[in-house]
Amino acid sequence: MSKITFPRKTLLAAGIVTLAGFSTFPAFAAKDVVAAVYSNFSTLDPYDANDTLSQAVSKSFYQGLFGFDKDAKLINVLAESYTVSDDGLQYTFKLRQGVKFHDGTDFNAAAVKATFDRVTNPDNHLKRFNMFSRITKSEVIDPYTVKLTLKAPYSAFINSLAHPSAVMISPAAMQKYGKELAFHPVGTGPFQFEEWNTTDYMKVKKFDNYWKAGLPKVDTITWRPVVENNTRAAMMQTGEAHFAYQIPYEQAKLLEKNDKLTMVSAPSIIQRYISFNVLQKPFDDVKVRQAINYAINKQALAKVAFSGYATPAVGVVPQGVEYSVNYGAWPYDPAKAKALLKEAGYADGFSTVLWANGNSTTVQKVIQFVQQQLGQVGIKVQIEAMEPGQRVAKVESIATPAEAGVRMYYAGWSSSTMESDFALTPLLATSSWPPKMFNTAYYSNPVVDKALEDALKTTNKDEKTKLYKEAQDQIWADAPWAFLLTDQLLYVHSKSLSGMYVMLDGSFNYDDIDLKQ
């Protein structure tokens, strides 16, 4: 029996997890993996989540038609094969047979149809509606064949079906729980949901009827949201956790010295940038935007805020994402920055505001460093780091550009579909201005829009490469962002734990997770 528990009001008000409090958790099975993660989960419904972490933990009990392996290669999961009509509008999927949902319901074409009918119904107001709104119809052809029809050709469709949000949900659970489904997840994954204390932990247990023989190899995973950086690190030192992500950069060297732990630093596709509201002065002038790019020392920023575990961004789309283009990092040249500001009519600089998505220690270090750097070229910057609720209200929910208070905005993004459309369109297409998507620059360029649209109409790789390069060339020249850094993934696990990885986009892979006793 799965259950949800809510903490006492005193715990909720405190908003913290302490090591002393861990003694109140239930006893764990012999092969229980404890994973300490950096935030609470916003929801256990991937179709209603915008944060990577909530989707990442949901992958323990949910699966999609497609996915990515630990090396970010596209793989079939619940779909065995598919065909596409000549006009690119109809996708027909042959489904894996013999798969059961955790509640005993059969996985079949009817389940796929029910899942996509739910997310594409605007009345359900799910956060991932826009991602799947291209689907106009889902049809059951036979018990294990389903057809999805699109509004227009969309060559990135299979990659979008491998996104962590694109999971299959038990139709019986959808009917039974309705709007409470987020608290009663029922999927086909290796683990089934057991318990969620909304601020302290979420626990999943081995699904005995999992369709992959011999898996999973562990009995349970207990996810513990631990917001405070040092506490996560302490849990690894004391053995109270087997896995921790994210690791505070400044503690990496200390944890490396522990012979019971393995520290992992790996490339990511998490891009850090500052968008400029190009509809507002002075950011309507490309020379000002270019000046800011020249004014920020990215190598120094990587050292100051990330302890060296980041690299200067070399393009609009991070390396590792399909069709990304490498231009080389934007050079640090404060003299050039000052000259451009003078040419733009701001020889004495100007005053502005920099908002940030998040308020972690690392975020604070980034915006303070940028404030200092821009001050050296005469730009006076007031900074504000935002809680999630503030971000949604002040940035993502603004109805019209005229109402937008955003000027400069520090954020990060990872393309969890592993291709360039999802790295570009939600952030830089005219159609993606808030509140629809996340183009906080209010950037609009017809060359970019056309290239992005045309790229989705072709499956020819050479043509897609050409079109995505055209879009990125234009964006790099227009500089609607300050192109900052690409993260290095930093996580730690006990040497007794194997088969658990942080993927390029910051989500998890634990198909072969195991724990030595």
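**View A. The buried residues of helix 16 in the predicted model.** Lys464, Leu467, Tyr468, Ala471, Gln472, Ile475, Trp476 and Asp478 are the residues of helix 16 that are buried. Because these residues cover an arc of only 170° around the axis, they lie on the same side of helix 16. An α-helix has 3.6 residues a turn, so residues three or four places apart point the same way. Among the elements that cover the buried residues are helix 9 (286-295) and helix 14 (420-428), together with helix 15 (446-455) and strand 18 (481-494).

**View B. Span and ends of helix 16.** Helix 16 comprises 18 residues, 461-478. From the first C-alpha to the last, the helix reaches 26 Å, close to the 26 Å expected at 1.5 Å a residue. Alanine 479 follows helix 16 and has a positive phi, near 50°.

**View C. Aspartate 32 in strand 2.** Strand 2 spans residues 32-37 and contains aspartate 32. Aspartate 32 is buried but has no salt bridge. Lysine 203, the nearest side chain of opposite charge, is 4.9 Å away, whereas a salt bridge requires a side-chain nitrogen of Lys or Arg within 4 Å of a carboxyl oxygen of Asp or Glu.

**View D. Contacts of aspartate 32.** The side chains of aspartate 32 and threonine 222 are joined by a polar contact of 3.0 Å. With neighbours within four places in sequence left aside, the residues in contact with aspartate 32 are Lys203, Thr220, Ile221, Thr222, His242 and Leu515.

Technical notes. Residues numbered from 1 in each chain as written. Predicted model: local features only at pLDDT ≥ 70, side-chain atom pairs only at ≥ 80, totals over all residues. Heavy atoms only, no water. Helix = DSSP H or I, 4+ residues; strand = E, 2+ residues; numbered from the N terminus. Expected span 1.5 Å × (residues − 1). Buried < 20%, exposed > 50% of the residue type's maximum accessible area, 1.4 Å probe, protein only. Arc of directions from axis to C-beta. Contact = heavy atoms within 4.5 Å. Lys, Arg positive; Asp, Glu negative; His and termini not counted. Polar contact = N/O pair within 3.5 Å; in protein donor to acceptor, adjacent residues only side chain to side chain.
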